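Subject: Structure handover

Hello,

Here is the structure for your files. My notes on it follow below.

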Amino acid sequence: MKIISPKFHAVIDYIMVMFLLISSDLFALSESATLLTYILGGVHFLLTILTRFSGGIFKIIPIKLHGIIEFVVSI
């Protein structure tokens, strides 16, 4: 079931990466929270560029696996 298109998903992913990387400045997070957001931002960026959809660069990971990884991380 597709709620959003893969192209729109890619746009949201890149926005999320940017948000994660600037969130420590926006919210004055502690050092440990800042480190966590940087790690999550980096991992999400790698996941996005490695996914087989319009936003991916290397197109290795299937979009279905991408969605499962995002679901697990969000929990």
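Leu 40 is found in helix H2; helices here are DSSP runs of H or I with at least four residues (strands would be E runs of at least two), numbered from the N terminus. Leu 40 is partly exposed, with a relative accessible area of 33%. On this scale buried means under 20% relative accessible area, exposed means over 50%, and partly exposed lies in between, with a 1.4 Å probe and protein chains only.

This is a predicted model, so local features need pLDDT of at least 70 and side-chain atom pairs count only at pLDDT 80 or more, while totals for chains, interfaces and linings use all residues. Residues are numbered from 1 along each chain as its sequence is written, and side-chain values use heavy atoms, with hydrogens and water left out.

Leu 40 also belongs to a nonpolar surface patch of about 870 Å², together with Leu 36, Leu 65, Ile 68, Ile 69, Phe 71, Val 72, Val 73 and Ile 75. Helices H2 (31-50) and H3 (63-74) are the elements that give two or more residues to this patch, and H3 supplies the largest share, six residues. Patch residues have over 30% relative accessible area and no salt bridge; nonpolar side chains (Val, Leu, Ile, Met, Phe, Trp, Tyr) are joined within 5 Å, like charges within 9 Å. A salt bridge is a side-chain nitrogen of Lys or Arg within 4 Å of a carboxyl oxygen of Asp or Glu. Areas are Shrake-Rupley values with a 1.4 Å probe, and for residues only the protein chains shown count as cover.

Thr 34 is also in H2, but counts as buried at 14% relative accessibility. Leaving aside residues up to four places away in sequence, Thr 34 touches Ser 24 and Leu 29; contact means heavy atoms within 4.5 Å.

Ala 28, with phi of about 50°, lies in the loop between helix H1 (6-27) and H2 and is exposed at 67% relative accessibility. Lys 59, with phi near 50°, is in the loop between H2 and H3 and is partly exposed at 39%.

Ile 60 lies in that H2-H3 loop and counts as exposed, at 54% relative accessibility. Beyond residues up to four places away in sequence, Ile 60 touches Leu 50, Thr 51 and Arg 52. The C-alpha atoms of Ile 60 and Val 17 are separated by 19 Å, the two residues being 43 apart along the chain.

Regards
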